[in-house]
Amino acid sequence: MSGLVYNTDTLDPMLEALRNALDDPSEAMADLGEYLINSTQDRMLKGENPDGSPFAPRSQTTIDRYAKLGLSYGAPLNQSGDMRNSLFYEASKDGLEYGSNAIQAAVMQFGAAKGAFGTASNGASIPWGGIPAREFIGLSDEDQDNMVLELEEWLETAANSRG
């Protein structure tokens with residue numbers, strides 16, 4: 001899986017405080033993972049990148065090709081729901097990883113130039129046209145704010161349990 005690492009001035013100190021307050025913060029990490037999956041799925045349904053900008057639309061060439069092949073399509077990353085359903089997280093005492101294990105996830109996240117993966121046996125480029133990046137994995141400002149609130153609750157609970 002291709003990965004992105006997020007370090008933020010907002011979350012890093014809170015995560016460090018959580019690690020210091022709890023022997024095993026994996027349950028808190030799982031709460032954050034669940035939140036991120038839901039938030040990412042919601043953004044995908046809206047067709048938004050984490051910064052709130054819309055996903056790049058399909059090109060007219062793609063739309064024409066779908067029509068020629070008799071394929072139906074929805075908004076980018078929403079044709080079948082497979083991309084939304086491929087999101088996962090892995091929480092541990094050491095941190096949280098979240099992303100997608102779909103084979104096309106990296107191409108959707110980062111984009112790909114025409115022919116970036118070579119050619120097919122008939123000489124056609126793979127992909128046959130440029131694919132714009134549609135950054136579906138990432139943290140929005142709202143995600144960071146909500147994650148801070150979640151971490152504050154965990155820290156408050158930890159402080160209250162220590163008496």
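Biologist: What makes Arg43 count as buried?

Modeller: Buried means under 20% relative accessible area, exposed means over 50%, and partly exposed is in between (1.4 Å probe, protein chains only). Arg43 has a relative accessible area of 6%, so Arg43 is buried. This is a predicted model, in which local features need pLDDT of at least 70 and side-chain atom pairs count only at pLDDT 80 or more, while totals for chains, interfaces and linings use all residues. Residues are numbered from 1 along each chain as its sequence is written, and side-chain values use heavy atoms, with hydrogens and water left out.

Biologist: How do you know that Asp143 and Arg43 form a salt bridge?

Modeller: A salt bridge needs a side-chain nitrogen of Lys or Arg within 4 Å of a carboxyl oxygen of Asp or Glu. For Asp143 and Arg43 the closest N and O atoms are 2.7 Å apart, and the pair forms a salt bridge. Asp143 belongs to helix α6 and Arg43 to helix α2, so this pair ties together parts that are 100 residues apart in sequence. Asp143 is buried as well, at 1% relative accessibility.

Biologist: How many salt bridges does a search of the whole structure find?

Modeller: Two. Glu16 forms one with Arg19, where the closest N and O atoms are 3.5 Å apart. These two residues are three apart in helix α1, so about one helical turn separates them. Helices here are DSSP runs (H or I, at least four residues), strands are E runs of at least two, and both are numbered from the N terminus.

Biologist: Are Glu16 and Arg19 buried or partly exposed?

Modeller: Glu16, with a relative accessible area of 40%, is partly exposed. Arg19 is partly exposed too, at 38%.

Biologist: Which residues make up the negative patch on the surface?

Modeller: Asp23, Asp24, Glu27, Asp31, Glu34, Asp94, Glu152, Glu153 and Glu156. A patch takes residues with over 30% relative accessible area and no salt bridge, joining like charges within 9 Å and nonpolar side chains (Val, Leu, Ile, Met, Phe, Trp, Tyr) within 5 Å. Both α2 (26–46) and α6 (141–161) supply at least two residues of the patch. Asp24 sits in the loop between α1 (11–21) and α2, and its 44% relative accessibility makes it partly exposed.

Biologist: What makes up the largest nonpolar core?

Modeller: A nonpolar core is a set of buried Ala, Val, Leu, Ile, Met, Phe, Trp, Tyr and Cys residues joined through side-chain atoms within 4.5 Å. The largest such set has 30 residues, and those with the most contacts inside it are Leu11, Leu18, Leu77, Met83, Phe136 and Leu151. At least two residues of this core come from each of α1, α2, α5 (105–110) and α6. The largest share, six residues, is from α2.

Biologist: Why is Ser92 called partly exposed?

Modeller: The relative accessibility of Ser92 is 30%, so this residue counts as partly exposed. Ser92 is in strand β1 (residues 87–92). Ser92 and Ala17, 75 residues apart in sequence, are 16 Å apart in space, C-alpha to C-alpha.

Biologist: Which peptide bond is cis, with omega near -10 degrees?

Modeller: The bond from Ile126 to Pro127. Most peptide bonds are trans. Pro127 lies in the loop between α5 and α6.

Methods:
Areas by Shrake-Rupley, 256 points an atom, 1.4 Å probe, with all protein chains shown as cover. Lys, Arg positive; Asp, Glu negative; His and termini not counted. Charge placed at Lys NZ, Arg CZ, Asp CG, Glu CD.
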